[in-house]
Amino acid sequence: MLMRIDDKDNVAVVLVDGKRGDVLKCGNLTIKLLSDIPFGHKCALQEFNVNDLIIKYGHPIGYATEKISCGEIVRENNMKGLRGRGDI
């Protein structure tokens, strides 16, 4: 199961330990996981290109640093955070 916190979000929180190939529901969306995603981590609900904004809580929290496919984990290895940086 996936939880989208705000309707504007393009990532969702995984509410179970997801395994690659699992099919999880998020409202009207059905997402096939392309990677293992532990409980509490973010899953992409769309395709991201480099510099696309990642939106959680209805606000941008970061941007993609590489291509991210729908169903992949979103974390520090493929995104750069916008919060608490001090340089922007």
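Trainee: In strand 5, which residue is the bridge partner of Val13?

Mentor: This is a predicted model. Strand 2 and strand 5, residues 42–44, pair in the antiparallel sense over 3 bridges. Within strand 5, the bridge partner of Val13 is Lys42.

Trainee: And in strand 2, what is the bridge partner of Met3?

Mentor: Strand 1 covers residues 2–3. Strand 1 and strand 2 run antiparallel, joined by 2 bridges. In strand 2, the partner of Met3 is Val13.

Trainee: How many disulfides does a search of the whole structure find?

Mentor: A disulfide needs two cysteine sulfur atoms within 2.5 Å. For Cys43, the nearest cysteine sulfur is that of Cys70, 6.5 Å away. Cys70 is likewise in no disulfide. The search of the whole structure gives 0.

Trainee: Is Cys43 buried or exposed?

Mentor: Buried means under 20% relative accessible area. Cys43 has a relative accessible area of 0%, so Cys43 is buried.

Trainee: What is the relative accessible area of Cys70?

Mentor: Cys70 is partly exposed. That class lies between 20% and 50%. The value for Cys70 is 23%.

Trainee: How many residues has the largest nonpolar core?

Mentor: Cys43 belongs to this core, and so do Cys26, Leu2 and Leu45, among others. Strand 2 (11–14) and strand 3 (23–26) each supply at least two of its residues. A second, separate core has 9 residues, including Val11 and Met79. The count for the largest core is 11.

Trainee: Leaving aside neighbours within four places in sequence, which residues is Cys26 in contact with?

Mentor: Cys26 is a member of the largest nonpolar core. With those sequence neighbours set aside, the contacts of Cys26 are Leu2, Arg4, Ala12 and Leu45.

Key. Residues are numbered from 1 along each chain as its sequence is written. This is a predicted model: local features need pLDDT of at least 70, side-chain atom pairs count only at pLDDT 80 or more; totals for chains, interfaces and linings use all residues. Side-chain values use heavy atoms; hydrogens and water are left out. Buried means under 20% relative accessible area, exposed over 50%, partly exposed in between (1.4 Å probe, protein chains only). A nonpolar core is a set of buried Ala, Val, Leu, Ile, Met, Phe, Trp, Tyr and Cys residues joined through side-chain atoms within 4.5 Å. Helices (H or I, at least four residues) and strands (E, at least two) are DSSP runs, numbered from the N terminus. Contact means heavy atoms within 4.5 Å. Two strands pair if DSSP finds at least two bridges between them.
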